[in-house]
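Please keep the model open beside the text as you read.

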Amino acid sequence: MSPYELTRTLPEDATDAALRADVLHGLTQSPKSLPPKWFYDARGSEIFEEITALDEYYPTRAEREILLARAPGIAAATGARTLVELGSGSSEKTRHLLDALPLLHSYVPVDVSGSALTGAADTLLAERPDLHVHALIADFTKELVLPDTPGPRLVAFLGGTIGNLLPDERAGFLASVRAMLVPGDALLLGTDLVKEESVLVRAYDDASGVTAAFNKNVLAVVDRELGADFDPADFDHVALWDSGQRWIEMRLRARRDLTVKIPELDLVVTFEAGEEMRTEVSAKFTQATVRSELAGAGMELAHWWTDEAGRFALSLATAV
């Protein structure tokens, strides 16, 4: 088994500092908000895995369907020798690409979680001992300096995660990806597509309440890390479709008047009964909007693939 490299580009205390900044900013604004990245502690990641198996939650199955059907075509179109995955997590879906890229030399997973990267690298190298893995502990929304690996490079951002970014954040993110690309490189982007409101809302408000537990888990994270006294039972899970913005919003709605103390921030936060705090947006796209946002960042849509039902898309883009 070949060894893997692990490079940290974030300070050791970066996660703690970011959480403090996000909570302080989000809970002192009107309306209140918390970023969705704080769902994903160990428990939150477990709950999300349960969500991906729900009948109502189609994106994971739809994207897997595309990857299984189109991975050889992606390989042929890119000739990639390096695969860079942003927000790689367990690298589970990436295996379909790794298996389909005959010229692949290096895999560069990028994630804020060092433990997730280490676990994924160990698993991948046990299965593919000749693969060179250079993992980056980094925030993919910030400017990245990639390791020196052979080109062409394929940068993958899967799962529809780009939909969790607000429009200005998406534009900045796509511009940063464009800055990574040299001639011959490509971006593989996963996007959930606009569809019937009822289908979208069910995907984020399942009948068994798994997504509600996932949403409320952000409160448990703030309690544990910052000494807060949120009680998840004081909030209801809300999922709404905003047709103007073309996104699903997940919110937590206070069931009664509340006062929450966050000692680590020396902060006291009040909620009125019925007040809602936004915890996630999940934007949905069309081929035209994807093409437009890529063009705005200096990239050109080269290939577009959907699952058979037309629910989700993978697009391949190159630098203009």
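Which residues line the largest cavity? They are Ile 162, Leu 174, Leu 189, Thr 191, Phe 285, Val 290, Glu 293 and Leu 294. A word on the source: this is a predicted model, in which local features need pLDDT of at least 70, side-chain atom pairs count only at pLDDT 80 or more, and totals for chains, interfaces and linings use all residues. Residues are numbered from 1 along each chain as its sequence is written, and side-chain values use heavy atoms, with hydrogens and water left out.

**The cavity**

Searching the whole structure turns up 1 cavity of 30 Å³ or more, and the largest cavity holds about 40 Å³ of space. Strand 6 (186-192) and helix 9 (287-296) are the elements that each give two or more residues to its lining. Helix 9 contributes the most, with 3 residues. By type, the lining has 6 nonpolar residues, 1 polar and 1 charged. Here a cavity is a set of points on a 1 Å grid over the protein atoms alone where a 1.4 Å probe fits but cannot get out, and lining residues have an atom within 4 Å of a point. Grid points are joined across faces, edges and corners, and the volume is the space filled by probe spheres set on the points. Helices (H or I, at least four residues) and strands (E, at least two) are DSSP runs, numbered from the N terminus.

**Two helices with a buried side**

Buried means under 20% relative accessible area, exposed over 50%, and partly exposed in between (1.4 Å probe, protein chains only). The arc is that of the directions from the helix axis to the C-beta atoms.

| Helix | Buried residues |
|---|---|
| Helix 1 (residues 14-27) | Ala 14, Leu 19, Val 23, Gly 26, Leu 27 |
| Helix 7 (residues 197-204) | Leu 200, Ala 203, Tyr 204 |

In helix 1 the buried residues fall within an arc of 155° seen down the axis, so they line one face. In helix 7 they cover an arc of only 90°, which puts them on the same side. An α-helix has 3.6 residues a turn, so residues three or four places apart point the same way.

Contact means heavy atoms within 4.5 Å. The cover over the buried residues of helix 1 includes helix 8 (210-226) and strand 11 (276-283). Those of helix 7 pack against partners including strand 6, helix 8 and strand 11.

**A loop residue**

Ala 233 sits in the loop between helix 8 and strand 7 (235-242). Ala 233 is partly exposed, with a relative accessible area of 43%.

Technical notes. 1 Å grid on protein atoms, 1.4 Å probe; cavity = no way out; pocket = protein on both sides within 12 Å on 5 of 7 lines; lining within 4 Å. Nonpolar A, V, L, I, M, F, W, Y, C, P; charged D, E, K, R; others polar.
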